[in-house]
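Here is a short report for a reader meeting this structure for the first time. Look through the sequence and the model, then read on.

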Amino acid sequence: MEFPAEPRVHAILDKIGILTPEAYLVGGAVRDLLMGNAKAVDLDLAVAGDGYALAREVVRQMGAGVSFVPLDRERGTARLVLDRGLGPTIDVSSFKGPTIIEDLLRRDFTINAMALPIAAFRRGDTSAVHDPLGGQDDLRSGIIRACSRESLEDDPLRVLRAFRFQATLGFRIDPDSLAYFLLLADALLGVSGERVRDELMAILHTGRAPAALAGMVSAGIFKALFPELEPTFACEQNSFHHLNVWDHTVETVRQIGLLAERKFGCLGEFGEQIDRYLAEEQVRGRSNRSLVNLAAVFHDAGKPQVKSVDPDGRIRFFGHEKLSGRLFAAAGERLRLSNRELRRVGSLVEGHMRPFVLLKQELSRKALYRLCRHFEEDMPGLLLLFLGDLGASRGPDRKPETFPQAIEKACRVWKLWDEWKSAPPEPLLRGDDIMGMFGLEPGPFLGTLLKRVNELHACGEVRTREEGFLAVKRLLENGRDRS
């Protein structure tokens, strides 16, 4: 089987093969080829000599369409980028030792410590694979095994990366490697937030995130990276819950995954919208699915600190969502999330209790409008988090019919949100209209009046401009909006 790279990639590989006597494809591309999953776009090469200088020479000879990106001059590492970053990339690195075997011995996991000469790789000829640590056997057995403790110490992020491979490949982690992880978890504190973020977000994008989260707690990783979450690990809850706070958190992520697969009732009607929303990226490589799951991870983070017990023994968590939002904000800053991501996840964490009013009463169209207006583009995320949270709460005081009823009500909210999003109503009145009629000056009070009257219009309670002016007059007379 020939590796299905585009022609220019093959041309670059040919050029590298001419320029250096030893050049190998390494890492994920080899692993994917051996798994029969030859669809990689970005490739890693290990070469004898100076990989940095080699990459520069390739660009000089190939001409337009291939760009040179310096990565690490001292370690001989550079990147070849096609189509100004819109096409595939090829990372070129000098051997990490005197030979390709020494290079492979210093890599992270055995399933990535394999190499193919580029000519054999292009032909799909795996008989020429270099595999000094038995990576092919581990690949067949579905095992993630560290090449050595030393390789983990060289880059502690590899401890977290193991769980990313567990989540993306569905493999299990070797017990001896897990023992290393326990010893090295604290070393992750020295890793940059950006690198931790990228691994964590890749984990949270997958359907296997719950198992990876549980494993990271067992390995001491979450305690090291997110000490604000440690109190949740053994925090018991009230009788609406069957799990402690942390186990409930993991179950919430699992329930969101099931909801994303539209396994419940009327959600199937919104399948395409769910898929689009979860796949959308706020920042390249970081999806809404990752952000919603991150919100789930932190949605109850504040519960241990606000926990109280009534005289009758009832456990309460008043105001936990606000504290959870603050705890997330601190963690999100450490992860170097973008401002947009911080706002969106923070809004979901702090607002995750608002849809629970759906369990108590039929909301007015006005209340639903306010909910949709507040969360805007993140209404799907809010509803998925709400339903995931509820589905993970199966204590004796939670009636079995509550969850299917909540799904039906959430679908009605979703439909309303979809209608408003598709055809938002035109404003009935504008600022100039109100200022001219009532002699008001521009300012926050005018903005409040506009918001109220246009809200009434969107909900069908005010239909004409005349009715709109009457509504403004009533608001002015009762003075409620001046406070």
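## A buried serine

Serine 287 sits in strand S10, which covers residues 286-287. Helices (H or I, at least four residues) and strands (E, at least two) are DSSP runs, numbered from the N terminus. Serine 287 counts as buried, at 3% relative accessibility. Buried means under 20% relative accessible area, exposed over 50%, and partly exposed in between (1.4 Å probe, protein chains only).

The side chain of serine 287 makes a polar contact with the side chain of histidine 205, at 2.6 Å. A polar contact is a pair of N or O atoms within 3.5 Å; within protein, one must be able to donate a hydrogen and the other to accept it, and residues adjacent in sequence count only if both atoms are side-chain atoms. Leaving out residues up to four places away in sequence, serine 287 touches His205, Leu278, Ala279, Glu280 and Glu281. Contact here means heavy atoms within 4.5 Å.

## How the model is read

This is a predicted model, in which local features need pLDDT of at least 70 and side-chain atom pairs count only at pLDDT 80 or more, while totals for chains, interfaces and linings use all residues. Residues are numbered from 1 along each chain as its sequence is written, and side-chain values use heavy atoms, with hydrogens and water left out.

Strand S3 spans residues 66-72 and strand S4 spans residues 77-82. They pair in the antiparallel sense over 6 bridges. Two strands pair if DSSP finds at least two bridges between them. Phenylalanine 68 stands opposite leucine 80 in S4.

S3 and S4 form a hairpin, with 4 residues between them. In the turn, glycine 76 has a positive phi of about 70 degrees.

## Nonpolar cores

In soluble globular proteins, nonpolar side chains tend to be buried together. Here the largest nonpolar core has 121 residues. Such a core is a set of buried Ala, Val, Leu, Ile, Met, Phe, Trp, Tyr and Cys residues joined through side-chain atoms within 4.5 Å. Which members touch the most other members? They are Ile16, Leu80, Phe222 and Phe298. Helix H21 (residues 402-422) gives the most to this core, with 10 residues.

Phenylalanine 222 is in contact with Leu200, Leu213, Met216, Val217, Pro227, Leu229, Phe233, Trp246 and Val297, leaving aside its neighbours within four places in sequence. A second, separate core has 14 residues. Leu429, Ile434, Leu449 and Val453 are among them.

## Salt bridges

The structure holds 27 salt bridges. A salt bridge is a side-chain nitrogen of Lys or Arg within 4 Å of a carboxyl oxygen of Asp or Glu. One of them joins the side chains of aspartate 91 and arginine 79 (2.6 Å, N to O). This pair links distant parts of the chain: aspartate 91 is in strand S5 (residues 89-94) and arginine 79 is in strand S4, 12 residues apart. Aspartate 91 is buried, with a relative accessible area of 14%. Arginine 79 is partly exposed, at 28%.

Aspartate 174 forms a salt bridge with arginine 145, and their closest N and O atoms are 3.2 Å apart. These two are 29 residues apart and link distant parts of the chain. Aspartate 174 lies in the loop between strand S8 (172-173) and helix H9 (175-184). Arginine 145 lies in the loop between strand S7 (143-144) and helix H7 (149-154). Aspartate 174 is buried, at 9% relative accessible area, whereas arginine 145 is partly exposed, at 28%. Arginine 316 and aspartate 310 also meet through their side chains in a salt bridge (2.5 Å, N to O). Both are partly exposed: arginine 316 at 26% and aspartate 310 at 22%. Salt bridges that share partners join Asp108, Arg161, Arg164 and Glu199 into one network.

## Cysteines

How many disulfides are there? The count comes to 0, where a disulfide is a pair of cysteine sulfur atoms within 2.5 Å. Cysteine 147 is buried, at 14% relative accessibility. Cysteine 235 is also buried, with a relative accessible area of 7%.

Aspartate 378 lies in the loop between helix H19 (365-375) and helix H20 (379-391). Aspartate 378 is buried, at 8% relative accessibility. Not counting residues up to four places away in sequence, aspartate 378 touches Tyr277, Arg344 and Leu348.

Glutamate 467 is found in helix H24 (residues 465-478). Glutamate 467 is partly exposed, with a relative accessible area of 33%. The C-alpha atoms of glutamate 467 and leucine 428 are separated by 9.8 Å, and the two residues are 39 residues apart along the chain.
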